[in-house]
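Visitor: Hi! Could you walk me through this one? I'm new to reading structures.
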Amino acid sequence: MRDDFAKVLRRWLFALLSFGLRVYRRLRFFPFTLCYVLLLSALRIVELRRKNRLARVGDGNGVASLSPLRVMMWLDEIGRELKMLDDIGPEPRVRRFDVCLKLSPDAADANLHDVFSVLLTSSRLRSMGFYWDESALREDLPLLQAAGDRRTDTVWSTLRDDLRRPGLEACRAFLDADHQGVALPVAASRDAHTLVKRQGGAAYAVCLNLPEEVRWLAGEIAATRSDVKFFDIDPMLSGSPPAVAANVLSLYAYGLNLHERMAVAQTTDVYVGRFDEAGCAALFAGRPTVLIGGGAAAYSEPLSRATALWLPDPSSPAIRTAVLEFLRRHMVAAAGIG
Amino acid sequence: MIGVYDFSYAPYALGDALTWTMNLNVGAAEAGVDAVDQYLVIDPGRPSSPFQPFVDTHNYVSIIDDLFPAFLCSPWLRSLKLIRHPPSFNLFLLREAVRRRPMWPSLFSHLNRKLDFISHRRIDAFYAKHGYLPWLTAPRGYGAWADAFRRKHCDGRFVVAINVRQGALSLRPANLYRDSPWPEWQAFMARAATRHPEVVFLVLGGYTEWDRALCRLPNVLIPRAMGFGLGHELALVQRADLFMGSSSGFAAMATFCNVPYVITKIQHLFAQYIDVPVGGRHYRFGNENQILYWDTETQDVLLDFFEEVHERLRAKGGS
């Protein structure tokens with residue numbers, strides 16, 4: 001009886017709130033808007049008290065430049081934890097979350113736009129905050145995180161996540177993980193599909209994004225695999241000349257932004273290149289992926305998984321053979337021969 | 001100082017975003033504060049105002065991604081938040097209102113969904129009172145990059161940043177009557193290459209908005225074709241020796257970061273917002289090297305303006 005009453009009451013309250021919101025949409029001026037602000041602030045405070053709002057804080061810990069790759073790995077990690085909550089977790093479910101990034105006030109690297117672009121690819125992200133000042137972050141946290149909540153080993157942790165370059169174990173765990181994917185803008189995905197369709201036709205399409213040290217590899221594998229169409233998305237910011245081969249389409253000078261490069265990496269059949277945001281995008285989309293360099297400096301052993309191969313050391317003499325063998329294996333599988 | 005840019009009534013436009021930032025700076029300087037906290041608010045279900053119906057749920061991410069660096073130009077920027085859930089913003093808003101921190105737009109204007117994103121009224125008033133302006137800077141983190149770019153690609157040459165409004169070639173065409181005649185600009189750059197080989201032009205703007213014939217000119221660099229984005233371009237405007245372009249977003253950056261400029265094809269309607277009569281040569285806060293031109297430009301006009309300012313700046317640099 002009591003449960004029934006609570007259910008009816010909840011339904012009425014919900015109907016009243018929906019009605020209020022509908023009225024507000026027609027009356028978006030003072031004083032109605034002020035009432036709306038007060039009402040929703042009160043609801044937000046209740047939400048915070050109930051501790052079902054999730055906000056995570058990432059700290060660059062003084063690094064001059066926050067790596068977009070590291071932010072992407074971090075978002076994936078949060079996404080995986082939320083997925084676990086979705087599957088087995090307690091009610092109420094956390095559908096969306098907030099992130100705060102503590103940045104160095106002396107940041108001198110021009111990559112904040114890339115970090116922003118990476119954050120936009122998370123469809124569950126409700127808000128993002130960039131803080132160059134510790135006091136501003138401390139002021140805002142009580143409005144984002146439940147007070148006194150210190151469930152440190154869970155997604156609810158209110159401790160700060162370290163966003164410096166990840167170690168070997170973190171990279172391994174990342175490669176082994178069940179990724180949550182990214183939501184790229186529809187225009188970027190559409191344009192990438194159209195480009196690969198027009199330029200690649202029915203050919204096997206490989207996305208190249210090689211680190212500076214192994215730029216030579218583009219010409220070598222293009223010559224060996226003349227039956228493959230290569231799409232080189234290297235933005236060439238470092239200034240080296242683009243690889244020239246008939247079956248390599250260099251997208252340098254196409255002016256692609258990060259989302260567009262990620263979309264090309266997701267659209268082609270295989271990705272071969274840097275362990276960066278584009279590489280992660282290919283990995284998240286389940287494409288066979290060869291990641292070269294990045295990760296941990298002291299580690300050089302290749303790490304092989306079903307659809308991913310990580311070659312941490314770009315100077316390894318075996319890199320050419322490893323990449324060609326990986327391509328061969330996946331092309332055979334795609335053709336249904338193997 | 002609190003800045004609120006709520007896209008349900010504020011436009012997705014580079015010039016308006018920069019004018020908003022300049023108003024924030026002025027508000028901060030007036031209030032004597034040196035920290036600016038910015039809030040960008042988007043409702044993904046209805047991401048734009050009725051004046052920009054082409055911004056919808058499916059494309060607003062691309063558009064805000066393209067615009068983001070414009071919000072990094074305040075030298076006092078302490079925090080920047082993008083909130084994709086307007087109800088979540090209300091608690092922040094209430095806190096700031098209770099603390100009585102200065103806001104742009106004011107709380108009352110925000111509650112009435114009103115923002116003066118065009119006029120220079122506050123800016124002019126501040127300049128009249130104090131005789132200076134708190135200028136915009138290169139987007140946070142991009143200044144040093146722009147210096148390195150100049151060293152590497154411009155090699156001590158006189159750098160002119162150029163933006164020719166080409167709405168007809170943009171991804172979201174609008175107000176095409178404001179476009180400038182491309183052939184005139186191209187002819188101007190070609191003539192300048194012969195007469196002033198020590199000058200390099202950086203052509204800015206969306207990748208779709210410039211003509212491929214530019215690639216044949218010896219004195220032109222196109223940052224977008226080199227893999228760079230809006231953040232880099234705004235930094236280059238701020239570090240350029242001269243800006244030349246149609247009245248548009250990049251012109252607003254030049255206006256508010258105090259570089260020498262020649263801004264062409266200014267809409268006559270704009271006169272009432274900037275308190276300068278049609279035909280007036282300078283903004284209220286402009287100097288002799290900051291020139292407004294109200295008519296449609298020709299290559300001769302462009303070359304005359306360029307040589308006038310170039311000569312003055314060279315004389316100043318040499319003296």
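Visitor: In what order do the six strands of the open sheet in chain B come?
Guide: This is a predicted model, and in it the order is β7-β6-β5-β8-β9-β10 of chain B, with parallel pairing.

Visitor: Which strands are at the edges?
Guide: In chain B those are β7 (220–221) and β10 (290–292), each of which pairs on one side only.

Visitor: What holds strands of a sheet together in general?
Guide: Strands pair through backbone hydrogen bonds, and they can run parallel or antiparallel.

Visitor: Okay, zooming out. What are the domains of chain B?
Guide: Chain B is divided into domain 1, covering 2–130, and domain 2, covering 143–318. Their C-alpha centres lie 26 Å apart.

Visitor: How many residues are in contact between domain 1 and domain 2 of chain B?
Guide: There are 17 residues of domain 1 of chain B in contact with 15 residues of domain 2 of chain B. On the domain 1 side, the elements giving two or more residues are α1 (14–31) and α5 (121–130) of chain B.

Visitor: Which of them gives the most to that side?
Guide: That would be α1(B), with five residues. By class, this side of domain 1 of chain B has eleven nonpolar residues, four polar and two charged.

Visitor: New topic! How many residues does each chain put into the contact between A and B?
Guide: Chain B gives 42 residues and chain A gives 40 residues. On the chain B side, the elements with two or more residues in it are α2 (60–67), β3 (77–83), α3 (86–99), α4 (107–111), α6 (143–154) and α8 (230–239) of chain B.

Visitor: Which one gives the most?
Guide: Look at α3(B), which supplies eight residues. The residues on this side of chain B divide into 20 nonpolar, 13 polar and nine charged.

Visitor: I see strands meeting there too. Do β3 of chain A and β3(B) run parallel or antiparallel?
Guide: They run antiparallel, and five bridges join β3(A), residues 125–131, to β3(B). Within that pairing, M128(A) stands opposite L82(B).

Visitor: What scores does the predictor give the complex?
Guide: It gives an ipTM of 0.93 and a pTM of 0.90. For chain B, the mean pLDDT is 93, and 99% of the residues reach 70 or more.

Visitor: Let's move to chain A. How many helices and strands are there?
Guide: Chain A has eleven helices and eleven strands. Of its 338 residues, 43% count as buried.

Visitor: And what are its domains?
Guide: The domain assignment gives domain 1 (53–165) and domain 2 (186–335) of chain A. Their contact takes six residues from domain 1 of chain A and five residues from domain 2 of chain A. On the domain 1 side, α3 (68–88) and α4 (112–120) of chain A each supply at least two residues. That side has four nonpolar residues, one polar and one charged.

Visitor: Can we look at one helix closely? Which residues are buried in α8 of chain A?
Guide: Within α8(A), residues 216–224, the buried ones are L217(A), A218(A), I221(A) and A222(A). They are on the same side of α8(A), because they cover an arc of only 125° around the axis.

Visitor: Why would residues three or four places apart point the same way?
Guide: An α-helix has 3.6 residues a turn, so residues at that spacing point the same way.

Visitor: What exposed residues does the face turned away from the buried side of α8(A) carry?
Guide: You'll find W216(A) and A223(A) exposed there.

Visitor: And what do the buried residues of α8(A) pack against?
Guide: They pack against β5 (204–209), β6 (228–232), β7 (248–250) and α11 (319–335) of chain A.

Visitor: Why is β6(A) largely enclosed by the rest of the structure?
Guide: Four of the five residues of β6(A) are buried, so the strand is largely enclosed. Five bridges join β6(A) to β5(A), and the two run parallel. To find the pairing on screen, look for A205(A), which stands opposite K229(A) in β6(A).

Methods: Residues are numbered from 1 along each chain as its sequence is written. Chains are lettered from A and ligands numbered from 1 in the order in which they are written. This is a predicted model: local features need pLDDT of at least 70, side-chain atom pairs count only at pLDDT 80 or more; totals for chains, interfaces and linings use all residues. Two residues are in contact if their C-beta atoms, placed from the backbone, lie within 7 Å. Ala, Val, Leu, Ile, Met, Phe, Trp, Tyr, Cys and Pro count as nonpolar, Asp, Glu, Lys and Arg as charged, and the others, Gly among them, as polar. Two strands pair if DSSP finds at least two bridges between them. Domain bounds come from an automatic or database domain assignment. pLDDT is the predictor's confidence in each residue, from 0 to 100. A residue is buried if 20 or more other C-beta atoms lie within 10 Å of its own, exposed if 12 or fewer, and partly exposed in between; C-beta atoms are placed from the backbone. The arc is that of the directions from the helix axis to the C-beta atoms.
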